[in-house]
Every structure is written in C-alpha cells, then in structure tokens.
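Keep the 3D view open as you read.

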Amino acid sequence: MNETSGGQEPDSPRRATPEELRGLALWRHYEAARERAATLVALSRYRATDREPLYVLHTRQHHQLIDALHDFCYHARKTLELAEQHRPGILERANNMRLLRNGGELDLGIDGPVVLADRTLLWMLGRVIHSQDVGICAREEIDIGSPWAAAPKTTSYWPMVAVGVRSDFDEPNDYHYVSIEQLVEAFCRLDDSIHEALDAARRY
C-alpha cells in the first residue's frame, strides 16, 4: 500500500465527470473536422497540368480527397451531435442550412454543368458517411500560356471541385452532387455555435 510520509494514503486522482468527457470528445471531433476541412479546401483548389512533373501525384490526391471527405463528414456530424448537448439548437441549424448558393449548377467546362443537390448540411454529411460510391468532379480551367505552354498555346488544369455521392439509401444510378467548398463553408458557418458549446463544456 502506497503511503505518504505522514502515514496517510495519497488522495486518489479525481475522475472526470461525464460532462467533462463529453466536452473533451467534442473538442477532439471538432479539431479533427477542421483538420480535414483544411485538407479538402487545399486539394479542391490545387491545379496541375499533365505537362508538369507534379502531375504524377494526381491519382494520390484523388484518394486523399475521398479519404479526407469521409473523415470530415464523420467528425463534423459527431461535433454537431456533441455540441447539441451543450448548445441546444445547433442540429436544427445544420438541418435547415441549405448548401446551394448562386443557383443549382456547377460549370465543369467541357464536361458541361453538373446539377448540385438542393440539400442541407446535416443531410449531406449523412449521405457521405453512408456512401457506397464517391466520384470526383474536376473542372477544366484554361490559361493562355504558362511555364508548360508558351502563348498563344493553352494549358488546361483540372481542380477537383465537387463530388457525386451515392449511399445505401439511394438507387444504383442516383448520385447527389455537392461542391466541396460549399460543404466545408456550411460547417464553418456554425463555428460560433460550436465555440459556444465548447465554452459551456469548460464550465462543468
């Protein structure tokens, strides 16, 4: 038996309360969601052409984007569910927050426009979490002249700007398309409410 110099047993370490544990889980999921969100935005804005050496990373970046998308949606939804316990109403905001801005189509260049799903943030997070197939939509962006093709030649870039998602709730050919930046931006618009929930969790 461990004893102090005065012959008394040392105090047992205080166990965290359930509220403190939920607050810690909220912070961990929130930080993980923000980490994946930063990766998604960076990958969706990255431009490379098949003329440059960095293009060999293109396939790897496809896989990274899909992995980051799944992780982001999982941690974002867990963040909202845990935040609801400290800041009631945040799930309702996420369930009413529509993803579309400035119309319902996204121009992909020569591949034409893709119709974006007129859905809410919470709905789309769930669809990605339960997805059975995710396809990347790349948009053609053309520059006149570049380090890889002097003017007046053109250089095409293909940033990965959107995804099409089919889940186990959908028919085999039923895909829901969403802009990656619009999905991340919708979550970021809830940042004030999430911080209020974090502050409330710290007061326990």
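Predicted model: local features only at pLDDT ≥ 70, side-chain atom pairs only at ≥ 80, totals over all residues.

Three strands build an open sheet, and their order is β3-β6-β7. The pairing is antiparallel. Which strands stand at the edges? They are β3 (131–138) and β7 (176–179). Each has a single partner strand, so one side of each is left without a neighbour in the sheet. From one strand to the next, the twist averages 25°.

Look now at β6, residues 160–167. Four bridges join β6 to β7, and the two run antiparallel.

Helix α2 covers residues 58–86. It lies across β3 and β6, and it runs at about 130° to β3. Helix α4, residues 121–129, also packs on the sheet. α4 touches β3, β6 and β7. The direction of α4 makes about 115° with that of β7.

Two packed helices are described by the angle between their axes and the distance between the axes.

| Pair | Angle between axes | Axis distance | Crossing |
|---|---|---|---|
| α2 and α4 | roughly 130° | within 9 Å | left-handed |
| α2 and α6 | about 55° | 8 Å | left-handed |
| α2 and α5 | roughly 25° | within 11 Å | left-handed |

Take α4 to begin with. The axes of α2 and α4 cross at roughly 130°, and the two helices are therefore oblique to each other. On the α2 side, the contact uses L69, H70, F72, C73, Y74, A76, R77 and L80. On the α4 side are L122, L125, G126, V128 and I129. Sorted by class, this contact has 10 nonpolar, two polar and one charged residues.

Next comes α6, residues 191–202. Its angle with α2 is about 55°. That makes α2 oblique to α6. T79, L80, A83 and H86 of α2 meet I194, A197, A200 and A201 of α6. By class, the contact of α2 with α6 counts six nonpolar, two polar and no charged residues.

Then turn to α5, residues 180–188. Is α2 roughly parallel or oblique to α5? The axes cross at roughly 25°. That makes α2 roughly parallel to α5, because angles under 35 degrees count as roughly parallel. L65, L69, F72, C73, A76, T79 and L80 of α2 make the contact with I180, L183, V184 and F187 of α5. The residues of this contact divide into 10 nonpolar, one polar and no charged.

Some residues of α2 return from list to list. L80 belongs to the contact with α4, to the one with α6 and to the one with α5. F72 meets α4 and also α5.

## An aromatic pair

How many aromatic pairs does the structure hold? It holds one. The partners are F72 and F187. Their ring centres are 5.6 Å apart and their planes stand at 90°, so the pair is edge-to-face. F72 lies in α2 and F187 in α5, so the pair ties together parts that are 115 residues apart in sequence.

Note on methods. Residues numbered from 1 in each chain as written. Heavy atoms only, no water. Pairing = 2+ DSSP bridges. Axes fitted to C-alpha atoms, helices over the stretch in contact; angles between N-to-C directions. Contact = heavy atoms within 4.5 Å. Parallel < 35°, antiparallel > 145°, perpendicular 65-115°, else oblique. Left-handed = near helix turned anticlockwise from the far one by under 90°. Nonpolar A, V, L, I, M, F, W, Y, C, P; charged D, E, K, R; others polar. Phe/Tyr/Trp six-rings, centres within 6.5 Å; stacked < 30°, edge-to-face > 60°.
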